Amino acid sequence: MTQKNRLDGGQIDRNTTLNFTFDGKTYAGHPGDTLASALLANNVRLMGRSFKYHRPRGPLTAGSEEPNAIVKLRSGARQEPNTRATTAELFEGLAAKSQNRWPSLAFDAMAINDRFSNFLTAGFYYKTFMWPAAFWEKLYEPIIRKAAGLGSLSMQADPDEYDKGFRHCDLLIIGAGPAGLNAALTAGRAGKHVILADEDFRMGGRLNAETLNIADMTGADWAAHTVAELSALPNVRLMPRTTVIGAFDHGIYGAVERISDHLATPPTGKPRQILWRIYAKQTLLCAGATERPIAFENNDRPGIMLAASLRAYANRWAATPAQRIAIFTNNDDGHRTAQDLHTKGVKIAAVIDTRPDAPRSHDYEVLRGAQISDTKGRLGLTFAEVTLSDGSNRTVECGALGVSGGWNPNVHLTCHQRGRPTWDDTLAAFVPGGTLPPGMTVAGAANGTFSTHGALKSGADAARKALGIKGRAPAVPDAEDAPITQTPFWYVEGCSRAWLDQQNDVTVKDVKLSHQEGFRSVEHLKRYTTLGMATDQGKTSNMGGLAIMAELAGKSIPEVGTTIFRPPYTPTAIGALAGRMRGKEFHPTRLTPSHFWAKERGAVFVEVGNWLRAQWFPLPGETHWRQSVDREVTATRASVGVCDCTTLGKIDVQGTDAATFLNKIYCNGFAKLAVGKTRYGLMLREDGIAMDDGTAARLAEDQFVVTTTTANAAKVYQHMEFVRQCLMPDADVQLISTTEAWAQYAVAGPNSRRLLQKIVDSDYDISNEGFPFMACANITVCGGLRARLFRISFSGELAFEIAVPSRYGDALMRKLMEEGEEFDVTPYGTEALGVMRIEKGHAAGNELNGTTTALNLGMGRMVSKAKDSIGSKLSERPGLNEADALMQVGLRPVDAGDKVTAGGHLMNATGPVDAKHDQGYVTSAAYSPTLGSMIGLGFLKDGGNRMGETLRLVSPVTDLTVKVEVVSAHFVDPEGERVRA
Amino acid sequence: MIINHPLLGPRDSAEFVYLGAAELMNRPDPETASADDWHDYAYLRDNPAGTHRELWFHEGGDRSILIVTRDTTTHEISAVELARRGAPK
Amino acid sequence: MRYSGFKVIKEALTGHKGWKPAWRDPEPKAHYDIVIIGGGGHGLATAHYLASVYGQHRVAVIEKGWIGGGNVGRNTTIIRSNYLLDGNEPFYEFSLKLWEGLEQDLNYNAMVSQRGIMNLIHSDAQRDAFIRRGNAMILNGADAEYLDLAQIKQEYPFLNFDDARFPIKGGLAQRRGGTVRHDAVAWGYARAADSRGVDIIQNCEVIGFRIENGTCLGVETSRGFIGAGRVGCAVAGNSSRLMSKAGMRLPIESHVLQAFVSEGLKPVLPGVITFGAGHFYVSQSDKGGLVFGGDIDGYNSYAQRGNLPVVEDVCEGGMAIMPMIGRARLLRMWGGIMDMSMDGSPIIDRTHIDGLYFNGGWCYGGFKATPASGYAFAHLLARDEPHDTATAYRFDRFRTGHMIDEKGMGNQPNLH
């Protein structure tokens, strides 16, 4: 396999050959190549198709600003659409495919769009496809969607892993060109903690692409020497292959390090990429500059490239797109490209310089004051049409054309906190200005200092200044220090189909149309024409569009508006931003101490927030969950059941003002609760709406244990801290969440006391007299293990909750099962828990939905008027106390076989069924094995006065209408005899 | 963002839960406040574009509530103090 | 000038010489019957309906920057009417109906695309809540459909069904929901309003209100005083800033909501999908970019940019529910400033100052509301009484206890 366009020299390892394929064809390259450089070396210029017109395209650049050469890299689940060939490192076996073409890259049927380009101008779609209305979704849009888009996803889960990490430094240097390297050297030698990050796999920036010398060595060698010295400094961390994607508040930078993208697959245990959050005390942006093109007719053919990119391919990669090349320039830098190519043995067809006074050369012809008027070559450049200074035309044969319109500083990261760059007339470019992100300074070409000497010096100076390094500055090594002036030359007069945004196919004509139609601010321009919205984020296109708009509007460029840039600096894999938080690791999983016991019992688990809770415990032979749940309910009500309720929030409240504090937190009174007693408490938000309910047990004069619902544990704790620290700062009260410190179990059913008596140490009397309903105490169990016992009931049965330190939770559960054998003790899960609380009419999350009041919940009278508590005042507002306010009721189907659905709405027995006649809704529903039918809880207008009424429960979204009877919410033991037994 | 905790030093804002404007500390006196006072306290905010005093709860830390003075246009933080009066500084 | 396919062809054949500016660039007049502050979606829609429905032609929209530069051009383009509460649902359903006829009304293709929205369900409690919501939607005349797991698998085979931390249990779909090309909404309304004589005045910043004896007489602007019979404010995101010039404090906090778009991809997603166990919702634009978002950053901000933790949180949600997007690249992110109100619902109401009217508090639901908001605000400005669908959006609802709290989060704006 020959690499026809491979030159001598370069920073590639010719001793190793890497085989790769593009569109199925095999090629060879070398380590150090990018996909683009290797393809160019193999005489491949055509690498992609444009977005709208499907024009044939080759690489425009040699870096991350590339708009054209984007390919589908890898295959199968690792397929990466829209990958820039110009930054993809070559590896053995790399497989890339062109994209957005059919059937092939060379013949793309969609290129028909190019023939109709006159109809497909900027914003044409806003003006048509409107009739008939239904055709948009059915006809026009599907066609547009199919044609649009670039690459395709594999639709398989990304098989690679991503990591995240934090790093800290005194100085973060972004970009390892001459400015960045010299800054790192300066700061590193001074002993500062430095991170030097560069998106490239080889540090050195433009030094690797140039033939310029620093001191007595080539720039590339100087860069390699400097990198070697830096890597020996323990206080300097070099991060190649690392793109700083964003400048966030307070010196926090996001950076993505590509760990394995240069390999066929990530090595075992290695991630594909790592997202670093870099905390930098100071930041030095040395991101260099991007060459800007000149727009001329048909300036988008494969082979037409930025001149300095051609130079980079030749010098760094020893590759050239063609053996005969022309240069079109408005500045001296274009001549540097011509000289370097000539030195490498590439034939320079001509240098077309717009300046009448352009320098001449002995090595090649310079056409002074000339411009390119058009180009030829369907799948690759063949000829350039040149208008000479005397107005005559000349055809220049060339396989590639280097275009140089000057340089734009890479100000992107300076804009990430919405700072706007300022216009520099000398450079005819935007430079960093206005408000930079705090702690950031800019050096080198990114700051408009384009010479090598200037970059080296400004890098060192900026590092010294940022870090306050004192003493005499070391000498700057010798390097070229050519003065730079840039005279703007944006486009060739009279051109029309001259591309500004090559990927999105935005031409000079589109900008003109945008102006003609009144879309004249930079924001309107980019949105109307899609200029700069492609995957290259307008790095090579925005300025040209802006300049043309300014000219049309008769304004200066800064008057039209500055383009500002947003993160990320280059497109960033979504996987990298997600890291390991995916699949089962999306959120942490909280397990209760008896989780593994439950697992042994074959429990089915359910996600409750981050907790996993046993939902039911199927027995052999049970084929439907209802069988298990019905059995658990029946067994508990008949004898005894045990349920893990560890997940309830538990908050320890201590201090001499603990009672006063709780009296403020709960709407009902707590000041007079006796030691050894527990009370149900309802807490309101300040706006008078119920926030949560639970119990508070007074274990001592100055100690309460508060329980919250599982869902609201964190929120209630936060609320209590707010009240404590912000509203009652002088009170003597301390809080701590003990949710994870105690394992807690509900032991419920008529035999619950008998079971507990077997494990509670005999010092403690838990008889009905010694430990009545709502009692609480610190006790010991199993021969001295400290425990807490509460006689509270969610099920409506005689019940207790017993808590032991978490590490004994598993043992306690096993002990309860063992000791309970004689009572046929039954573990029950959250479903049975739910069924029993509905049967008993207890409110839970579905009723405490953030919009319900104490009144709605049937607890209006609990809100004490005798004291001030959080929410008490605002709960008095008329809208929360209307005569027909929703009240919690019970619902039973008139026909016992009918279904009751939570989420169903309640309608009167007769009359219309619509929102205007809505009477309320069903919050919770379950099959009650105790009653032998489904039952529900709901909120009903004026519900307290409608007992016995028949209503329609409608759920059109699940296609259900049933008749239900309004009953008391307390389906089971309404008098509460069982809980007191 | 980084919040310089008076007791613990610089901390990532991701450790905190934002509770809202520091005005929330000025709960009306239940003995004397009118319905309007309660309405204004619970529902109206200055919401300035500029310096804003606000409450951040250090949920992933020492559970202090901090009063952070922060510019809502730049996110620059100029002061951080403990909300609880008399708390150790 | 009327837009049509015929016109596009004609212009293409004649060198596009006939296209005129989509709207004029007039100098402000000394006085208008109605001045609307804010050239965003809502302000421009208000102007359009004032002119087209309520016969008001002496109307100006004044905008401090360029029209459409605020949240109408910075959102995730979703339209839907899947609300629960009676104060909201009829309004949003009215809005959806206006979207359905928008292009023909405006003669502008805003690409209203009803490819559906799917809210995924991950727990029993969530299912109960979504069924209640679906029923409320249907009872209010909207469409809703409950899908079980098998149906979700069939329609969205690429979702994570294998190792989800919070398995999908079902979904609530609204087939009429979808997306709209956001910028085109602002431009379409502007062009339509302009064609009926509304003056759209850009680069004109309001410095203050001229209020005498409790009556607003007009606005002081960077281009001089502009007198007005009535002044309507529609500057969501900056409502507190503007209304403070009239001495008002609002039940609103300003928060930043970030939004994201990926590189262009061949069609992946049929419609809008929202993840129910994390902060992630996504659709795919006609250009192929995945347009997605999540939760607000959570702290007061006017900075129009957010921070990394929320970016990560959103992408985590995305990877949790559709792990095939890992190798798609995030192309651009931005932030918009939301009027986060005290109950999560908007305000369209008179103020205590005669002649001064307010429209704001849209939280992050403002885009889908654009047509109905404009219509209802136009109704209020023209008739001095609320539109039927917006009677609940009163300032005094907090005083009387008639909050419209869809999420049940109470008076903490950053939780809505």
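**Figure 1. Helices α2(C) and α7(C) pack together in this predicted model.** Let's start inside chain C, where helix α2 (residues 41-52) and helix α7 (residues 182-195) have axes 8 Å apart and meet at an angle of about 30 degrees. Angles under 35 degrees count as roughly parallel, and α2(C) and α7(C) are therefore roughly parallel to each other. Their crossing is left-handed. To find the contact, look on α2(C) for C:Gly41, C:Leu44, C:Ala45, C:Ala47, C:His48 and C:Ala51. On α7(C), the contact residues are C:Val185, C:Ala186, C:Tyr189, C:Ala190, C:Ala192 and C:Ala193. Sorted by class, this contact has ten nonpolar and two polar residues, and no charged ones.

**Figure 2. Helices α9(A) and α11(A) cross in chain A.** Here helix α9 (residues 508-516) and helix α11 (residues 542-553) of chain A cross at roughly 45 degrees, and their axes come within 10 Å. That angle makes α9(A) oblique to α11(A). The crossing is right-handed. From α9(A) come A:Val508, A:Val511, A:Lys512 and A:His515, which meet A:Gly545, A:Ile548, A:Met549, A:Leu552 and A:Ala553 of α11(A). Six residues of this contact are nonpolar, two are polar and one is charged.

**Figure 3. Strand β19(A) pairs with strand β18(A).** Is β19(A) mostly covered or mostly exposed? Strand β19 (residues 347-353) of chain A is mostly covered, with six of its seven residues buried. Its pairing with strand β18 (residues 324-329) of chain A is parallel and runs over six bridges. For a handy landmark, pick out A:Ile327, whose bridge partner in β19(A) is A:Val351.

**Figure 4. Chains C and A meet, with strands paired across the contact.** Chain C brings 88 residues to this contact and chain A brings 94. Several elements of chain C each supply at least two residues to the side that touches chain A, among them α1 (5-13), α7, β12 (252-264) and β16 (329-341). Which element of chain C gives the most to this side? That is α5(C), with ten residues. The side of chain C that touches chain A divides into 39 nonpolar, 27 polar and 22 charged residues. Strand β31 (residues 572-573) of chain A pairs with β16(C) in the antiparallel sense over two bridges. Within that pairing, A:Ala573 has C:Arg329 as its bridge partner in β16(C).

**Figure 5. Chain A also touches chain B.** In this view, 15 residues of chain A are in contact with 21 residues of chain B. The chain A side has six nonpolar, three polar and six charged residues.

Note on methods: Residues are numbered from 1 along each chain as its sequence is written. Chains are lettered from A and ligands numbered from 1 in the order in which they are written. This is a predicted model: local features need pLDDT of at least 70, side-chain atom pairs count only at pLDDT 80 or more; totals for chains, interfaces and linings use all residues. Two residues are in contact if their C-beta atoms, placed from the backbone, lie within 7 Å. Ala, Val, Leu, Ile, Met, Phe, Trp, Tyr, Cys and Pro count as nonpolar, Asp, Glu, Lys and Arg as charged, and the others, Gly among them, as polar. Axes are lines fitted to C-alpha atoms, for helices over the stretch in contact, and angles run from 0 to 180 degrees between N-to-C directions. Helices (H or I, at least four residues) and strands (E, at least two) are DSSP runs, numbered from the N terminus. Angles under 35 degrees count as roughly parallel, over 145 as roughly antiparallel, 65 to 115 as roughly perpendicular and the rest as oblique. A crossing is left-handed if the near helix is turned anticlockwise from the far one by less than a right angle, and right-handed if clockwise. A residue is buried if 20 or more other C-beta atoms lie within 10 Å of its own, exposed if 12 or fewer, and partly exposed in between; C-beta atoms are placed from the backbone. Two strands pair if DSSP finds at least two bridges between them.
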